[in-house]
Amino acid sequence: MNAGSEFKSAVQGPAAAYDVARIRADFPILSQTVYGKPLVYFDSAASAQKPRAVIDSIVRTYETEYANVHRGIHYMSQRATEAMEGAREKVRAFLNAAETREIVFVRGATEGINLVAASWGRANLKPGDEIILSAMEHHSNIVPWQLIGEQTGAVLRVVPIDDTGTLDMAAYEKLFSPRTRIVAITHVSNALGTVTPIAEIIRIGHAHGVPVLVDGCQAAPHLSVDVRAIDADFYVFSGHKLYGPSGIGVLYGKAALLDAMPPYQGGGEMIDSVTFEKTTYADLPFKFEAGTPHIAGAIALGAAVDYVTGIGLARIRAYEDALLAYATERLGAINSLRIIGTAADKTAILSFVLDGVHPHDIGTILDREGVAVRTGHHCAQPVMDRFDVPATVRMSFGLYNTREEVDAFVKAMARVQEIFRA
Ligand SMILES: Cc1ncc(COP(=O)(O)O)c(C=O)c1O
């Protein structure tokens, strides 16, 4: 359905060499120049660029198979419904979830976490109950828990990280108490690149009898995720970081947990029947999908899933890890540059500071050289506090980046040093 010819062009057999030039050809935006220089896009952790297969899917939906879903008996509605439910099945397979009813389409990871915090939290949290988070969470895995904490009286407990940005697993175990109710932890840190030992985190959570929510936003584009193998209770990610559209994301939840949770938002689509006296709710996953969904977005997310699985996540990870190692080595040779986040298990993200130069200034100079990076606190202010820096420069890699781009980056950094004589 969503496999255009360009999509097929990137698909190579498992043993084939990773043909990054062919992959790049699938991403029209990458051939642009900015300020007269070739675009070097190192900001995929903020949002990834889109392959032709995803762009084509969006166009195809609106040109040929668009109508509102689930309610219409007419041909177009049924076709759009089939396409959207087909995408749900692709996401199910992508995460290796047991059933499609465990796949809830949301706007993104942020909405997925807010949904669980609000719905599961309202039903399960009491004053004095404890929620375990880590010190390297994105704000979207902190603030929703604070909000539900304000409403229920539950409090946060924070797992510390060491100087490399590795989670302190001994401290994690010690944080559990009879009041612990849930754990919510990232799979990959967006500020540091640390890959957390998520299966072990979940195992320990379960040993203490509590569910674990995994923020998989930075993991889904880089690692092969199997929610049943790691036994995650909830797993969230955003489509736009997985080469899909913005405004669509996924909440995976075990059916028994989702079934027991009250609806998050009320409205159309999520009901079974409505009277002024009583409303009954639709079955999963629709109970959590109030209102008209992002139809074209969900379908195009299916195309994005096809695209990355066509290349293969194991191959993507191997390629990106080699690129990260190369970039780490080359940046390590730059005078006065300090990498923030040096955990043994890292992926796709390289954060750093340069003595005496503010990250925003670095970002501005790099930009004029055609290099796009993110500078700031990366929505992870507690991480900045932990490393006592106001901000970092963050290079983040996607499946389309190259060693030549890393070289261009290092050259652009020389320009920064020239200007600041760092
Ligand atoms: C680790 C992590 N969690 C959550 C989010 C929030 O994602 P979104 O803004 O797509 O909802 C991000 C986005 O940067 C992230 O990196």
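Start with H5 and H6: their crossing is right-handed (the near helix is turned clockwise from the far one by less than a right angle). Helices here are DSSP runs of H or I with at least four residues, strands are E runs of at least two, and both are numbered from the N terminus. The model is predicted, so local features need pLDDT of at least 70, side-chain atom pairs count only at pLDDT 80 or more, and totals for chains, interfaces and linings use all residues. Residues are numbered from 1 along each chain as its sequence is written, and side-chain values use heavy atoms, leaving out hydrogens and water.

Now select Ile113, Val116 and Arg122, which are among the H5 residues meeting H6, where Trp145 and Leu147 are among the partners (contact means heavy atoms within 4.5 Å).

Next, select residues 130–134 and 155–159. These are strands E5 and E6, paired in the parallel sense over five bridges (DSSP must find at least two bridges for a pair). Between them, the chain passes through helix H6, residues 143–152, in a right-handed β-α-β crossover; with the strands pointing away from you, the path from the first strand over the helix to the second runs clockwise. Zoom in on Ser134, and you will find Val159 of E6 opposite.

For the last stop, turn to the open sheet of four strands, ordered E13-E14-E17-E16 with antiparallel pairing. Strands E13 (337–340) and E16 (374–376) each have a single partner strand, so one side of each lacks a neighbour in the sheet. Finish at Leu337, with Leu354 in E14 standing opposite.
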